[in-house]
Amino acid sequence: MKPSAIRPIALVLSRELIITVLLLLGVSFVVFIILFASPGDPFSVLLEGQLSTAEVRAGVREVMGVPRSWTTQYLSWLAGMLTGNFGTSIRMGLPVLPEVLRVGFNTLILTIGSLIITLLIAVPIALYSAVRGTDKISWPLTMFSYVISALPVFWLGYIVIYFFTHKLGLFPLAFGFSSAGQPYRWLYQLLPIFVLGVGNGTISEVIRFLRQEMGRVMAEDYIRTARAKGASVWKHSFKEGLLIPVTEIVASKIPFILGGAVIVEQVFNWPGMGRMAWQAAQDRDYPVIMGIAILAAVLVRMGSLFQSVVYVIVNPRASKE
Amino acid sequence: MKHYSQIPGEISEFSDQPFWKKADAVDLAYVGYGLLIVTLVVVSYLLGSFSLLPRDPQEIDLGLMMARPGTAGHLLGTDFMGRDMLSRLIVGIQAYFLPGLLAIFIALFLGAVLGVVAGYRGGTFDTGITYFTNLVDSFPRLVLILLVVAAFKPDIYYIMLVVGFTNLPVVTSLIKGKIQFLKQKNFIEADVALGVPTSTIILKHILWHNCRSLLIIQATLGMAEAILMETSLSYLGFGVQEPTPSWGNMVQSGANYFMQGKFWPSTAPALAILFTILGFHLLGDGLNNILEGKRNT
Amino acid sequence: MTTVTVLKIEDLRTYFYSRSKQAFIRSVDGVSLEIEKGKALGVVGESGSGKSITALSVMGLISAGPGVISGKIGFRSDRIQKNLLQDLEDFVKLTARDGKIMDVSKDVVGWDRNTERVMQKLRGKEIAMIFQNPKSSLNSFTSVGKQITEAIRLHTSIKSQPEAKDRALTWLDRVKIDSPRLRFDNYPYGLSGGMCQRAMIAMALACEPSLLIADEPTTGLDATIQSKIVDLLAELKSELGVTTMLISHDISIISRLSDSVAVMYGGTVCDYGPAKEILSTGFESKHPYTSALLASIPSAQNIKEKGYLQAIEGEVLDTINVPAGCRFYSRCNRVTEKIRERCERHEPDLREIRSGHKVRCWLYFD
C-alpha cells in the first residue's frame, strides 16, 4: 500500500467510526427505553446499582427517589456506563461490567471458532457450485446445507454429546468447562464450537450468498480478460468474489451466531455471555441483561467495522468516495 | 452428458414456455414440499384450535411410556409419560402459529412503510431510516428477546413483536432496492408525469405489481424465523410451560432420556421443527428462484 | 515467398440454447475464415451476427451450453501447429432434420477439460485477445502495471518483477501512453478509456503472440480516441507484422486496418475477400448486404450521391428463427424474379466468384 493511499483510507475509517459510535448511542437509547418502560421500574434499580456503597450509605438514595425527567436519568446512566460503571448485579452483588467482559471473552472464542467452522463448510460448497453450477455433486450438498440450517441446534448438541460420552466414552456425563484432569479436555472444548458452527442456521444462506457473488464476479469482463491472457482466474476473482463477500456475510451473521450461542452455552454449560443472559432473564437481573445486550451490540458493530476496514483496504476506489 | 433438443416448427417471440416448464425442477420440488408443509401446519393449527385430536395430549399412560411409532393407537408413539406424541405435536403448533403471523405482519407492514418512505422520498428520510434499520440489526434477536422478557413478561406476543421488528430491516431494504430499481428504469417518473395519484403509484404499481412476490417470500422466511424463535425460547424455559406442549419444551424435557439412550421424546419434536422450518425455507427460496431470479432466457 | 496461414477456421458452429423457448440460438452457423501471417482480417457485421462469438470460440472461452459443436480451427505459429477443435467429434453427437441441426448431445464437462488442456498453453502466449469496454475489462483491484507484468511473467522468459516492469514500461511507451512510470501504478479507474485500451494492447503484445484478436477495440470510446486507437493498431501492425483479426461493426475502422475482409450476417459469412474489392463503392460482385452496409456509412460520397443515408430495411436476423432460404432474403433489395424462388427456399453456399473473393448469393451463381 502506498503512503499516499493511507490518508484517504484514514478519512473513510474515521467516518465509519463515527457512524459506529452514533449507532452504539442508539443502542444504549433503545435499551434504556425498554427498561424505562418496564412495569417493574428496573431503571431505578439500575441507577441505584451504579452508586457506590459509600454513596448509598450517605443517603443518596433519598435524592434518587425524587422523580426526575427521563433525560437526566438516561444521561446519568449513560455517563455511568461510559466510565465503566454498568451497575451491580442483583443476584451476584458484583459489578456488572467486569463479569460480563469475563464471560464475554468465552463467548467470543465460541463465536469466532464457530464462524471458522461455518466458513470451512460453506466456502468450498459455494465455490464449487459457482464454478460447476448445479450438478451431481453440488445439488446434494446444497440440499444437505438446507437440512443442516433447519435443524434445531439444541438437538444437534444432544446428539453430539451423546455420541462423545456414550459411544466414545470420552467424558463423563457431568462435564464442565474447566473439568480438570480430563484427557481430552481440548477436544471437549471444540464440541460447542463445532455444534454452533454447524447448527447456527445460517449455512444455507451463507452458501447461497457466496455462490451468487462469486458467480457474478466470474461473469465480469475482467475475468474474461484474465482467462484470455492465461492468468489464474482464482487469483483475479479472489478479492471481489471471495474476500469481500466473506467479510460482508460474516459481519451480517454475527447477531445470529450470538443468538445461537445463548442456546449452545446452555446445552454445554459453557460459561459465556449467553448463559449469563439466560440466567439474568430468569432472575430479572436487569443490570446484567442490559450489560450483555449492550456488549452484544458492540460485538456486532465491531464486526461491521471490520468489514468496512477490509473493504476500504482492498478496493482502490473506496477511498475516493 | 448434456442433451439439447429443439422442437420442430416456428419459434415466435411469444412462444415462451409456461413457468412450470421453464423453472428448474429443483425449485418446483422445493415449492411443492414447502406448500405441503404449509398445508400441514395450517390444518394442524385448525385441528388444534378445535381440539380435534387423535388423543388427549395430556393423558398420561404410565404403562406405555416411550412407545415406538406405530404402536396401537399412537401413530407417532408416546413420550416419557406415555402421552400421545402426535397430539402433542399438533398442539405444539398453537404456540407459534398466531404469534408468528403477528411477527410476519409487523415485519411486512412496517418494513414496507419504511421501505417506501426511504425509497420514494429518499434524502434525509433515507438516511434516518437506514440508521434505524442498522440499529435494529445491531441486536442479536435472542438477546434482545431476553432483555424484553426480563423487563416485561415472557408473553409470546410481546416476543413476536420483537421478532417482527427485527425482521423489518430486510423487508425495508428489499423494498427500497426495488423502488430504486424502478426509479432507474424511469417507471416512477413516467407514472408521475402521467398524473397518477401517489397512493396508486405506491400501493398498486410499486407494492402490488412489483413487490408482491418479494413480500410473500419474506413472509415464508419470517414464519421460519418465528418458529425458530418460539421453539428456542420455550426450550430455554421462557415460553409455553409444561405440561402444555411446545416443540421446544418437548425437546428440553426429553433431554435426560436422550442421554439414557431413549431418543424418541426429544427427537420427535426436533424432527418436527426440522421439517417445518425446512419447508418454509425451501418454499421461500424456491419461490425466490422462480419469481425473482430467472428473468433471462 | 511462402504464405503461412496462421488461423484457418473451417465450418465452425457454435450454438447456444434458450430454455424458455426450447430452441437453439445458432450464433455461429458454419463460418470459415483464414488469416495469413502478417496480415489483418477484418470481420464486420451488425450485433448478433456472431463475430464476437467466433473469436471467443477460437479462444475456447465459450462457457454457456452447448457451445462449440462442430468445425475445425487450424492454428499455426512458429512453435505450434494444431487443430484447436481436435477430437471434438468424440464429445459431440449431432442429429439433423431437413438439413437443420435439431438435437445436440455433448459431454460439456469433458470437452471443457479438453479445451483447457489445449488452450492453456496458447492463451496470452500464442494468441492474445483484447476486448471492448477496456475499463471494465481490466481488474479494478490491481494496478495496470501489475496486470501487464503478470502477463509478461507468465508467457515470456522474463520471470523477475523488475525486468518485467522494464519491459512493461517499454511497451507502455510504445502504445503512446504519457508518463509510463506514473501510469504503471495507476488503477484502471484513474485512466481514461483510451488509455486503458492502450494498456490492454500493451499487455497483449508484450508477450509477442502469433495472433492478435481485437474484439471491437474501439467500441465504447469517444470518436476522436477511436481514431487514435486504430492508428496505433495500424502502426503496430506495420512495425511488428502482427497477424491480426479485427472485429467491428464499424466499417470505417475495418477499412483502415484490414488486408482482407469477411462480412458476417446471421451467423454466417456472406462476403469474403480482399479489402480493396469488398470495401470499394459500387455494385461489382458484392453481397447485397455488403453494399447496403457501405451505403449506410456517413461519408461525404454517400450523402452526395443520394442526399440521405440509406438505412437497411427490416430487422437483424434473429438467430433462433433461421429461415429456410437465404438469411438476408427478407431485407434484400436486389432480388430478381429469376432467383426469387431460390432465395426463398435454399440457402446459397459460399462460392468463389473471382480469385480470392467468395460470396454467398444467388445473384452470382448460374
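What does chain B average in pLDDT, and what share of the residues score at least 70? In this predicted model, chain B averages a pLDDT of 84, and 94% of the residues score at least 70.

## Confidence in chain B

Within chain B, confidence is lowest in helix H1 (residues 19–22) of chain B, where the mean is 64. The highest value belongs to helix H10 (residues 247–253) of chain B, at 91. Where pLDDT is low, the predicted coordinates should not be read in detail.

## Fold of chain B

Chain B contains twelve helices and one strand. Read from the N terminus, the order of its elements is β-α-α-α-α-α-α-α-α-α-α-α-α.

The C-alpha trace of chain B spans about 75 × 60 × 35 Å along its principal axes. Chain B has 297 residues, of which 47% count as buried. Of the contacts in chain B between residues at least 6 apart in sequence, 70% join residues at least 24 apart.

## Helix H9 of chain C

Helix H9 of chain C covers residues 223–240, which is 18 residues.

The buried residues in H9(C) are C:Gln226, C:Ile229, C:Val230, C:Leu233 and C:Lys237. Seen down the axis of H9(C), the buried residues fall within an arc of 100 degrees, and therefore line one face of the helix. On the other side of H9(C), C:Thr224, C:Ser238 and C:Glu239 are exposed.

Just after H9(C), C:Gly241 takes a positive phi of about 65 degrees.

## Contact between chains A and C

The contact between chain A and chain C takes 16 residues from chain A and 23 residues from chain C. On the side of chain A that touches chain C, the elements that give two or more residues are helix H11 (221–228) and helix H12 (233–268) of chain A. H11(A) provides the largest share of that side, six residues.

By class, the side of chain A that touches chain C has seven charged, five nonpolar and four polar residues.

Technical notes: Residues numbered from 1 in each chain as written. Chains lettered and ligands numbered in written order. Predicted model: local features only at pLDDT ≥ 70, side-chain atom pairs only at ≥ 80, totals over all residues. Helix = DSSP H or I, 4+ residues; strand = E, 2+ residues; numbered from the N terminus. Expected span 1.5 Å × (residues − 1). Buried ≥ 20, exposed ≤ 12 C-beta atoms within 10 Å, placed from the backbone. Arc of directions from axis to C-beta. Contact = placed C-beta atoms within 7 Å. Nonpolar A, V, L, I, M, F, W, Y, C, P; charged D, E, K, R; others polar. pLDDT = per-residue confidence, 0-100.
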